[in-house]
Structure formats: structure tokens, C-alpha cells
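Biologist: I would like to learn how to read the contacts between chains in a model. Please start with the terms, then show me the case here.

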Amino acid sequence: MTFRAVIFDLYWTLLYEEETGLNAKAEEVAAAVGVTAEAWHKAWHSTLQASWLGDVSLLGRVRAALKAAGAAEYDGALAEELAGLMGARSTPRLYADVRESLAKVKEMGFPLGLVSNIASYRAGWLKEIELTRFFDTMALSCELGVTKPERAIYLAAVEGLGVKPQECVFVDDVPPYVQAARKLGMATVRINRFGSDEIYREYYDDLDFEADLRIAGLGELVEWLEARRGD
Amino acid sequence: MPQAIIFDLFYTLLYDEGTGTREKAMEVAQAAGIAEDDWRRGWRAAGDDAAKGNPGTTIGRVRRALAEVGYDGESKRLVDELTGLMFVRQIPRLYPDTRGTLADLRGRGYRIGLVSNCFGNEAHWPREFELDHCLDAMVMSCAVGMVKPEPGIYELAADQLGVAPAECVFVDDVPSYVAGAMAVGMTGVRINRFESEEPYAEHKEPVAEPDLRIRELRELVEWLDGRRGA
């Protein structure tokens, strides 16, 4: 099968988040309404899916997390402050190989797609760091109301690219997201930027899943695509 | 009789609080051999058209700022690092009377609009902080390619609200932006949330006297109620 398009995941594939130091401040604000740092982060995490689905605003997510953490009464200004801090607690950083590799893959004639589980308040990043210009189509969970590993989000990207799933190469770091793409018939590439599977082992049982290629950086993807083109 | 009230965003409905990353960016620039004052000047100069969406992105503004100060290094890493830091340089804080006033005005039947000169990294704030729930129209300069005090941006807001400019009351803290609204026929209200005019020292060009001067939004509601009763 000849590949006709390449679809990328965003987080930990193309970019990582760098802490800005505001997390500690957010913890202080949560502590003021009797929520421990641990309880706050657990509650924040419990609202992740709703945030990805675009069901809540940043402020709405903070309110939901405060509720989940058992904080019943608080000032509206406190929730707003917390929202500001959580929104700015990290900032996007592209991996060093991203711009060059995406440009190379594009030069090889592949249209590019992005499939990301992302909150609406993070989606603005893509434009601000000029990542959007590389992509011919972007399937963002907060806009579509559907997340990986559901089929619909992959199919939205495939449709946007005007190709069949079997003609796509899909690159992601998360095991179930790679496996879901494989089920749809895509060629799959597992990327792991961390040098070991230790962090993934905390969240996922099956790390010996099948993938057509396993890489540590995008340079390897470019070489692999080039070699296959030569066949 | 006014049918719609249009608000400015910054220092009218909210203010911004520094996150500390602006200072970190300064250190990064210094480490790359750019003097503090130069970086500040370059960043400012690069922002002249940024509210108009030119450059429309934080990274574009960083690149322009570096060019402005004559930085000729080819460091993509520096650009990315500065971009990351400047992107989260501030977070919004709503004034305590903002939500209540918008709700009160809506309750009185006014249509509510927003006209903001803002940068791309701030354009999502009204939605993420749920100000949009109280708004019938939102005109962000970076999205429409026009800035206050250009007549077009005020007219666009009135148009989106479905009213004539003469039926609008426009509230802003910047004197020339209030004057811009009055020039298209709106009623102009100048708000100053500060203790003095000092923060506005650089806006000293003479402009039309506003129809009303206020310190907080409560005064606007009272004034509107008074006019309605009259």
C-alpha cells in the first residue's frame, strides 16, 4: 500500500508543556478553600475528559474540579483566579525536531493531519506558535466533541485529508490511541520521547502492542517514509 | 434611547496580572546577548500592529521583536523559548462589578457588546472566563483586522448587535477610543478604574469630552436608569 497522508498526535509527539511556576500558586489558592494540593490535582484530572470534549470553559472546569474536591463555598473571584493560574501554569514547547521534520514530510508530498485530545483553552496555542500552518486538516477533540480512541475523531481527519484510512500513517505516543488507528487500517508509528516506557506503564497495561514502526524522534519517521518511497 | 451598551475589555471589564514569565523572557533574552531595554523596546515596537493581527501570532511578534533589536542570531530555540514565555505572560482578572453589571443591564433589556483591541493570546479569554454568556456580540481586533479608534470596528459591533450606532452607549478607559465611538454617533462613557490619570499620561492628545465619566460600572447603570426615567 502506498501512503498518501501522515496524521500526527500533538502532546508528547510534537510538543510538551513547560511549567511556568504557577502551579504552586494555584495550590495555595486551592488550600485557601481547604483543598490539599493532592486533592486539587486529582480533582483537576477528573475533569480532563469534559475539558477535552469541549463541554466546559476553563472557568467551568475549575468549578467542576472544586466541586469534585469537596469545596462547596468559595468566592467567584477565587475560581477566576484559579482558572487564570491553571490556564497559564504551563506553556507549549515544540520538540526540537518538529518544524524541520514536518516540513520534510510535507516536501515529500504528504498532506498532514493533526488529531488531538485538547482543551479549548489550549487550542489557541497551535496558532500562536504557528504550528497550524503545517496541517491540511486538524481534528481537535474540543471542537468535534469526540476524543481518541473513538473512531470518529480519526475519521474526521481522514475525511479532511480526502484519503482512506489504509492510506494514512498515524503517529502517536499513547498505546490505545495507536491501537485504535491500527484497527481502522492505518499504518501506525509509536513515538516515545522519554527513552523508556516507565511513565506509560503507570497508565497502560499493554505496551507490547503491534505497530509498524517504533521511534524516539521524528527524524526516524522521515527516514522510514523516504525508504518506503524508494521501494 | 440607548438600545445597546458596548464595552471595552481591558481596564474596563478586566485587568491583567503578570505571571512572572515576562521577567523570565527578559532573562532569556539577556542570556542571548540582548540588553533588557532593547528587548523591551523591540517587543513594544513589534506590538504596534499586533492588535490588528499583524503579526497575528505570539511567535511572529517574537521574531519581529528580535529583528527590531538587530538580533542576527539564527536561534530557533531562542524564538521558541521566548514565545512560550510571552504566550502566558499575563492572566485576566475580572473587576468585582463586571459580571453583576452585565447581568443587570441585560435584565433591563439592553443588548451587550464587546469591542477589544487585543492580541491572539488573549482572544479566548471572554469565552474561557464565561464573559460570553453575558454578551450578544464580541468584536476582537486581532480577528477582524481593525482596531479602535477606527470607525469600522465600532460600526461592526453595532451591526452585529442589530442597532444603529446612535442607539449605542460605548464604555472605554482610553480617551481616544471613547472619542472614536462618539465620532460614529455613539454616546461615549469614559471609565477610569485608577486613582488618577497618571496611567493615561501617554494619551494626552486632546479628544472630545465624553458624555459621562465614571469610576465604576454601578454609576453607568444609575445613569442609564436616570435617562430612562427622564
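Modeller: A salt bridge is a side-chain nitrogen of Lys or Arg within 4 Å of a carboxyl oxygen of Asp or Glu. By that rule, five salt bridges cross the interface of chain A and chain B. One of them joins A:Glu81 and B:Arg93, with the closest N and O atoms 3.9 Å apart. This is a predicted model, where local features need pLDDT of at least 70 and side-chain atom pairs count only at pLDDT 80 or more, while totals for chains, interfaces and linings use all residues. Residues are numbered from 1 along each chain as its sequence is written, chains are lettered from A and ligands numbered from 1 in the order in which they are written, and side-chain values use heavy atoms, with hydrogens and water left out.

Biologist: How much area do chain A and chain B bury between them?

Modeller: The size of an interface is often given as the accessible area lost when the parts come together. Buried area is that loss, taken with a 1.4 Å probe and summed over both parts. Here it is about 2400 Å², with 51% on carbon and sulfur atoms. Of the area that chain A buries against chain B, A:Glu80, A:Arg93 and A:Glu128 supply 27%, more than any other three residues.

Biologist: How many residues of each chain are in contact?

Modeller: Contact means heavy atoms within 4.5 Å. On that basis 28 residues of chain A touch 28 residues of chain B.

Biologist: Is B:Glu128 buried or exposed?

Modeller: Buried means under 20% relative accessible area, exposed over 50%, and partly exposed in between (1.4 Å probe, protein chains only). B:Glu128 is buried because its relative accessible area is 1%. Leaving aside neighbours within four places in sequence, B:Glu128 is in contact with A:Ser57, A:Leu58, A:Leu59, A:Ser120 and A:Tyr121.

Biologist: Which polar atom of A:Tyr121 lies 3.3 Å from the side chain of B:Glu128?

Modeller: A polar contact is a pair of N or O atoms within 3.5 Å; within protein, one must be able to donate a hydrogen and the other to accept it, and residues adjacent in sequence count only if both atoms are side-chain atoms. In A:Tyr121 the atom is the backbone nitrogen. B:Glu128 also has a polar contact of 3.3 Å with B:Arg127, side chain to side chain.

Key. Buried area = accessible area lost by both parts, 1.4 Å probe.
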